[in-house]
Every structure is written in structure tokens, then in C-alpha cells.
Amino acid sequence: METSVDNDLITRPDLTTGRVIASTKIQEDVKGIKRVKRSHRQIRAENVFRRTLVIVALTMVVLVLGIMLTLVVQSIPSIKSAGLGFLWGKTWDPVKDVFGVYPFLLGTILTSFMALIISIPFSFAVGIFLGEYYPKGWVSNILKNTVELIAAVPSVIYGFWGLAVLVPLVRGFETKIGVDPVGLGIFTSSLILAVMIIPYAASLGRSMIQMVPSNLKEAAYSLGATRWEVIRSVILPYTRSGLFAGIMLSLGRALGETMAVTMVIGNTSLIPKNIFSPGNTMASVIANEFTEADHPVYLSALIELGLVLFVVTVVINMIGKRLIKGFSNE
Amino acid sequence: MESTIVKSINYNAYFGDNHVVKNVNIEIPKNNVIAVMGPSGCGKTTFLRGINRMHELIPGATAKGQIMLNNEDVMEMHPIFVRLKIGMVFQRPNPFPNLSIYDNVIAGYKLNGIKLPKAEKDRIVEHSLTRVALWNEVKDSLTKKGSFLSGGQQQRLCIARAVAMEPEVLLFDEPTSALDPISTSTVETLFHELKKNYTLIIVTHNMQQAARVSDKTAFFYMGELVEYDDTKKMFTNPTDIRTQNYITGRFS
Amino acid sequence: MNNTLVKYRIGKSIGFQALTILLSVACVLPLIFILVYIIQAGITKINWHFITNLPKPVGEIGGGIANALVGSIIIIACASLMAVPFGILCGIYLSENKTSKLAYWSRLCVDILQGVPSIVIGIIAYFWLVKPLGGFSALSGSVALGIMMLPIIVRSTEETLKLLPDTLREAAFALGLPFHRVILKVIVPCGISGILSGVMLSIARITGETAPLLFTAFGNPYLSTNVLKPMQSLPLLIFNYATSPYNEWHDLAWGASCILLIWVLLLNIFTKLITRKWKVQL
């Protein structure tokens with residue numbers, strides 16, 4: 001390896017050994033002073049930056065605390081007047097200042113759970129399809145992107161389509177089975193909700209299933225198991241908590257969904273008689289009546305409903321997230 | 001008599017309560033290649049990283065004592081100043097993947113916001129790449145990103161990046177352990193040239209490498225500096241029994 | 001193990017696979033049906049007149065959605081301006097401080113925020129901005145949407161930066177770079193594709209959101225660019241007009257739905273392309 005002689009170098013004798021050293025150090029010394037001045041500024045900027053990051057993280061905490069505080073404070077008038085009867089009161093009559101939300105709790109539970117039950121077979125099918133049968137390739141890409149698209153479509157569009165297409169269909173169906181042909185109702189809402197929440201359990205299920213270690217599957221195969229048997233006895237048990245977490249996330253999404261449900265559920269405060277009756281969910285009643293709430297207790301009752309909705313959805317989501325964290329730590 | 005450029009005085013390093021470098025006193029002469037050897041976990045890398053204040057970047061890591069660079073105590077200076085004078089090359093080549101080769105060499109200036117005229121930048125890039133014997137290989141692809149370079153070339157790029165800052169000391173943390181034998185020997189030849197302008201401190205696992213490239217060798221064991229002497233003497237006639245055991249392979 | 005039993009088991013396995021494929025395909029059908037229907041119903045209503053005119057009162061034909069288009073763009077832009085820097089900085093903090101107490105609580109709060117229903121966020125924005133300012137405003141709508149964007153941006157920034165190798169940081173520090181330059185000049189540029197995809201996904205998400213705007217931006221039959229006054233947005237318009245009893249307004253809603261759908265789909269596709277193009281080869 002040859003050394004190249006650089007003509008730009010300045011040579012000077014080293015003052016201690018007398019050896020001639022070629023170096024650019026003299027030019028560098030001037031640059032060095034510039035560098036030192038600049039570094040002083042940078043040290044101050046460094047501290048400002050660090051402090052900014054801390055402030056931002058702190059603000060996030062303050063934000064969430066503020067949200068909870070606002071909900072609680074604004075619910076106080078309603079809590080004072082109705083008390084715990086709020087939750088199981090069967091009548092919601094703003095005119096008479098009677099605020100019982102049982103009909104809405106019922107509506108929410110009915111729509112969400114029905115939607116879950118309808119969507120789970122499809123979510124799991126997609127999860128197993130993408131996680132086990134076709135994890136790679138163009139088929140996989142198409143399905144994966146399409147399912148992601150389902151989650152991307154705005155809920156107001158689902159609602160509008162539901163109003164225009166699904167409601168008449170359901171009305172026809174109801175005439176056939178001899179029920180009040182309204183079209184709008186819990187059943188229709190559940191159908192739309194079911195389509196909307198498929199992607200959540202599906203994508204989580206897919207990642208969980210892909211994480212199953214292949215040596216476990218190979219052990220089963222080597223004992224002569226068929227593919228279905230490997231799925232049933234190795235993959236599904238292994239991913240059990242992950243799949244349950246997926247269901248929790250889908251449920252959380254269903255509970256909080258507002259627009260599509262509001263547009264097809266019928267918006268009535270009466271207790272639904274059967275699944276084909278119109279009704280209301282917690283979210284849809286807030287959406288419909290918030291701007292019409294003309295006196296403080298009315299508004300406060302709606303906020304209290306919002307508080308209940310908040311607590312329920314956050315709890316369900318946190319359960320789902322904890323399960324996922326537990327799974328990835330294994 | 002060679003002048004001392006780096007001198008540690010009672011240097012101790014900790015990870016939390018774990019005392020990993022114990023009371024190291026060492027004087028490193030200028031324009032020498034010093035090899036730092038020892039079995040895994042002996043504290044050699046921790047000591048090296050203490051010299052340019054990289055040790056404290058790890059959460060919970062602390063250090064005590066003094067490390068003198070010429071006449072200034074590195075432990076009293078702000079780390080940024082230290083790192084402008086003491087450069088480091090790591091075990092795995094780590095050129096910045098989003099910068100071209102040219103920008104990688106002057107990254108120390110560019111990323112620090114130091115503006116230089118183009119002629120000056122060109123000069124630094126050519127000079128540094130020549131110093132690491134990489135100029136002829138990459139001079140036509142300076143604007144490309146460095147991902148097409150081999151491991152050895154990437155490591156030399158990293159050395160060029162450190163050299164471009166004109167430091168006084170260059171620290172190497174097992175610089176060839178991730179390289180193939182041919183790249184290793186290319187880099188080792190570089191050490192010989194580099195020491196004309198810089199002082200090199202090289203942590204190495206490879207005893208043969210230490211014997212090949214270094215003027216003096218320091219042997220660490222269980223956090224302590226056990227022996228420090230001219231390489232030739234260390235390898236032929238070590239004073240401490242632990243050094244002897246290590247060199248003869250009793251433990252590694 | 002006799003032959004018929006094995007054959008039966010194999011048959012069952014194939015049957016299950018067929019069932020899985022069937023259900024998966026069946027999933028996709030409603031979506032395709034919805035997309036086709038919306039595009040069919042809406043595409044005929046879209047023309048230059050539609051995009052540049054305001055909605056006409058009931059009974060008059062014609063009219064357009066210009067106020068909603070402009071309003072959507074303004075509200076989204078304001079929300080992004082607020083949420084993007086904030087979210088990225090928070091994500092940087094979380095990726096740099098894995099174990100501190102503040103990081104734990106901050107991460108927890110981001111998780112909580114992700115699960116909050118959009119209508120509840122609308123309620124919050126109402127009390128924080130609409131009441132104090134004395135009326136509905138685009139600004140309050142932007143704040144509500146901005147809050148919804150935060151968890152997505154923070155998570156994707158944190159996850160992207162966590163994936164970057166430590167050697168990158170070390171190399172930058174060893175060159176004497178101060179902390180803020182290590183982050184802003186080295187770490188963030190290397191992770192830009194992941195960060196950007198998070199930002200774009202959050203924008204795609206809020207483009208279609210209606211609930212938080214119901215009592216914040218509220219809607220406006222006129223074209224307004226004043227962020228302190230009520231403003232119309234595309235999803236709001238669709239909701240109001242679709243649920244109205246007037247056929248002319250239904251037509252407007254179909255055209256608007258078609259535009260909104262295409263807009264959201266394009267954003268999603270664009271995100272995927274950008275992520276691939278800007279990915280830095282480590």
C-alpha cells in the first residue's frame with residue numbers, strides 16, 4: 001500500500017522530537033476555533049431540545065387527564081340529579097327531565113355483540129388464510145390490501161350505503177318473515193358494523209398466527225397430522241390469547257362507532273322489542289341529540305353517557321392491548 | 001523520549017453498581033499503536049469508550065477519575081469537545097445509510113452544521129479517502145450511497161469519516177472482527193500508515209493482530225490493567241502470570 | 001391407522017381450507033359491492049359545476065359541494081399542522097427513553113387516546129373550544145381531529161425509530177454531534193419513510209371522520225375560510241344531506257361520497273408507494 005504525498009500538506013517539525021511531521025494541523029487550528037464557538041451554541045440548543053421533548057411527553061399525559069376531567073366535571077349535574085338510576089333507568093325523556101340510559105346500553109350491547117358474532121368467522125378465516133395458508137404471494141397481497149381497504153372507508157359512507165341499499169333489503173326481508181317492515185333497526189346496524197370491524201380481528205389474528213414457531217408445527221406434521229389438525233391443535237391454542245385480543249379490539253371499535261350506526265338504527269329512545277326494532281346506541285344518541293340539548297341537565301346527561309362510553313371502550317381496548325403485550329413477551 | 005498524549009489517572013467505570021473498570025493508570029505515547037487485549041468481559045471496551053466519553057451514553061453508566069488528553073482532563077470537558085478531538089471506529093461498519101460516500105466522509109462537518117467552501121470539502125474528502133487507501137476505488141462513485149461497498153471498504157469509509165475530523169487520537173473497537181481476512185489485512189496495513197499522523201488505540205480480541213500491528217500492548221483482566229509494555233516484550237516475556245496464561249491460551 | 005380414517009381426515013382438512021377461502025372471499029364481496037355502488041351512483045353527478053358551486057337551497061336544481069371541499073382541506077391542514085410536529089416529537093421522546101417513568105405514563109396515555117371514540121373527542125373539543133370561543137368553529141374541529149391523529153403518528157414514529165440500529169446513534173455521537181443533531185440530522189432522516197407513512201395514514205383516517213365535527217365545525221352552507229367560524233366538511237355534508245328527505249340533496253351526497261371515497265383510497269395508495277420509495281436501506 002503506497003502512501004500518496006499530498007501537496008497541500010503543511011510540514012512542520014514536531015517541537016519535542018524534531019521529526020518532521022506532515023499535517024494539515026495549522027489550517028485545522030483556525031477551523032478548530034470556529035468549531036469550538038459553534039459547539040458552545042450547540043450545547044445550549046441540545047438542552048433546549050431535550051427539554052422540549054420532555055414537555056411534549058408531559059403534555060400528552062396532561063391531555064388525557066384533561067379529557068377525563070372534563071368528562072367527569074361536565075357529568076356532575078346529571079350524576080347529582082339522577083344518581084346511579086341513570087344506568088338502569090328505562091325511560092329517556094328530555095322533556096320531563098327523566099334520563100335513564102338502559103335502552104341505549106341495550107342497543108349498544110345488542111349491536112356490538114351481534115356484529116362481533118357475525119364478523120368473527122370471517123375475521124378468523126381471513127386471519128388463517130393470510131397467516132397460514134397464503135402468507136406470501138400475490139393472492140396474499142390482494143386479500144391483505146382489500147381487507148385493509150375495508151377499514152379505510154369512512155363510516156359515513158358505510159352509513160349512506162346502508163341507508164340506500166341495505167335498509168330496503170332488510171325491509172323486504174322483514175316483510176317476508178312477518179316483522180314490522182321498518183328496515184332501520186338493530187339488525188341492519190349490526191350487519192354494517194360487522195363488515196366494518198372485520199379488519200381489526202383479521203389483521204391481529206394474522207400476525208399472531210404468523211408468529212407460531214415452525215418447530216411446533218413441524219412436530220405435529222411429523223406425527224402425521226393433517227393441516228387442519230395442526231391448525232386446530234397447535235396454532236389456535238398457541239394464539240388463543242392473541243385471537244381474544246383481536247376480538248377485544250374489534251369490540252372496542254364496534255362500541256365506539258357512531259356515524260354508520262346513527263344513520264341506520266332508527267334513532268328511538270324506546271327499548272327495542274326484538275333485533276329488528278329500531279333503537280339507539282350510546283354513541284348515536286349523543287350524535288343526534290347533542291346540539292338539541294337546550295338545558296344544562298340534558299346536556300350533562302349526554303356527557304355522562306359519553307363518560308360511560310369512554311370508560312367502557314378504553315377498558316376493552318386496554319384489555320386487548322395488554323393481551324397483545326403479554327403475547328409478544330412470551 | 002516520546003511524549004504522552006493520553007494518560008488515565010485512577011480511572012474507574014461502573015454500570016450501575018457493577019464496577020467494571022478498576023483503577024486504570026496508563027500512559028499512551030504519541031504516534032503509537034496501542035493494542036488493548038483481554039478475555040471477554042474484562043473491561044477493555046468499556047475503558048476504550050470511556051476515553052471519548054461514549055461510556056456515559058448507556059443508561060446507568062458512570063465513571064470516576066481523570067483522563068488527560070495532552071494537558072486537559074477529558075472528564076471535565078463537555079463530551080462534544082472530546083469527541084471532536086478523539087475519533088472512534090466501531091466493530092460493525094456503520095456508514096450513514098442515507099448519505100452518499102462523499103457526504104459520509106465529511107459527515108462530521110456537515111451534520112454539525114459547519115459550512116465549508118466546496119473546494120475545502122473536496123480536499124478533505126480526497127485527503128481522508130486517500131489516507132485510508134479508498135480514494136482510487138470510490139473516486140468515481142462519490143455521490144452514490146455506500147451500500148454497494150464491501151464490509152472492508154465500508155469500514156475504511158468509517159475510518160475516513162473519523163480521520164476527516166483531524167482528531168489527535170483514533171479509537172478502534174475490534175475494528176476487524178466483522179471483516180473477512182483480506183479486508184482485515186488491508187485495514188491492518190492502514191494502521192501502520194495512520195500512526196504517522198495520529199495515535200491509535202485498538203481493542204482487539206485477536207492476539208495475532210495485536211502482535212502484528214501494535215507498538216505497545218495493554219492486557220486487561222477482570223476490570224484491571226494487569227500488564228502494559230512494549231508488544232515484543234509482552235508476547236515473548238510477560239511479567240504477570242495472568243498475561244502469560246492468556247497468551248498461551250489457558251483461558252480466552 | 002386404517003386408510004379410510006386417514007382419507008376422512010385429509011378430506012376434513014381440505015374442506016376446512018375450502019371453507020376458509022370461501023369466507024375470505026365472501027368478506028371482500030361487500031366491500032367491492034359498496035365501492036362499485038358508490039362510484040356508480042356518484043360519478044354521474046360529478047362535473048366542474050359540482051366542484052365549484054355551493055349547495056343550492058331546497059327546490060332549486062344544481063348546486064355543488066365547493067364549500068365542503070375547501071372546508072375539508074382547511075380543517076385537515078390545520079389539524080395536521082398541530083398534530084404532526086407534536087406527535088413526531090412525542091414519538092422521538094418515547095423511542096429515546098424506553099424506561100423512564102414519564103415514558104411509561106406517556107405511552108399509556110397514547111394507548112388510552114387510541115381507544116377513545118371519536119364522538120367523545122368531539123365532546124371534549126366542544127367544551128375546550130366551542131364554549132369559550134362562543135360558537136362553532138373550524139378551529140375546534142381541527143383540534144378534535146388533531147387529537148385523533150396523535151396516537152397514530154406517535155406510535156408509528158416510535159416504532160420506526162426503535163427499529164433503527166444502535167450503531168447509527170453511536171456513529172453520530174462519536175463524530176461529536178450534539179443530541180439534537182443526532183436525532184434530527186441522522187435518526188429522523190433514516191426513519192423518514194416510516195414516520196411519513198404514519199402521518200399520511202393519520203391524514204387518511206381523519207379525512208373521513210364525521211362525528212368529531214358534528215358539534216365543533218358544525219357545517220356551513222356557505223364557503224368560508226375563516227377558521228374561527230363554522231365550516232363545512234365533506235363527511236359532514238354527506239351525513240347531513242344523506243339523512244335529509246330531499247332527493248336533490250341525496251344526489252349531492254352521492255357525488256360527495258364518490259369524491260370522498262376516491263380521495264381516501266388515493267391517500268392510502270399514495271402512502272404505500274411513498275413508504276416503499278423512501279425506505280432507507282440499512
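Which residues in H9(C) meet which residues in H11(C)? The model is predicted, so local features need pLDDT of at least 70 and side-chain atom pairs count only at pLDDT 80 or more, while totals for chains, interfaces and linings use all residues. Residues are numbered from 1 along each chain as its sequence is written, and chains are lettered from A and ligands numbered from 1 in the order in which they are written.

On the H9(C) side, the residues are C:Ile192, C:Ser193, C:Leu196, C:Ser197, C:Met200, C:Leu201, C:Ile203, C:Ala204 and C:Thr207. They meet C:Trp263, C:Val264, C:Leu267, C:Asn268, C:Phe270, C:Thr271, C:Ile274, C:Thr275 and C:Trp278 in H11(C). Two residues are in contact if their C-beta atoms, placed from the backbone, lie within 7 Å. The contact of H9(C) with H11(C) comprises twelve nonpolar, six polar and no charged residues. Here Ala, Val, Leu, Ile, Met, Phe, Trp, Tyr, Cys and Pro count as nonpolar, Asp, Glu, Lys and Arg as charged, and the others, Gly among them, as polar.

Helix H9 of chain C spans residues 192-207 and helix H11 of chain C spans residues 247-278; helices (H or I, at least four residues) are DSSP runs, numbered from the N terminus. The two pack at an angle of about 175°, with their axes 9 Å apart. Axes are lines fitted to C-alpha atoms, for helices over the stretch in contact, and angles run from 0 to 180 degrees between N-to-C directions. H9(C) is therefore roughly antiparallel to H11(C), a term for angles over 145 degrees.

Also in chain C, C:Ile183 lies in helix H8 (residues 179-190). C:Ile183 has 24 other C-beta atoms within 10 Å and is therefore buried, the cut-off being 20 or more such atoms, with C-beta atoms placed from the backbone. Not counting residues up to four places away in sequence, C:Ile183 touches C:Ile92 and C:Val188. The C-alpha atoms of C:Ile183 and C:Leu164 are separated by 12 Å, and these residues are 19 apart along the chain.

In chain A, helix H11 (residues 282-289) is mostly covered, with six of its eight residues buried. These are A:Met282, A:Ala283, A:Ser284, A:Val285, A:Ile286 and A:Ala287.

Between the chains, 64 residues of chain A are in contact with 62 residues of chain C. Helix H1 (residues 25-82) of chain A supplies the largest share of the chain A side, 18 residues. By class, that side has 46 nonpolar, 13 polar and five charged residues.

Conventions: Angles under 35 degrees count as roughly parallel, over 145 as roughly antiparallel, 65 to 115 as roughly perpendicular and the rest as oblique. A residue is buried if 20 or more other C-beta atoms lie within 10 Å of its own, exposed if 12 or fewer, and partly exposed in between; C-beta atoms are placed from the backbone.
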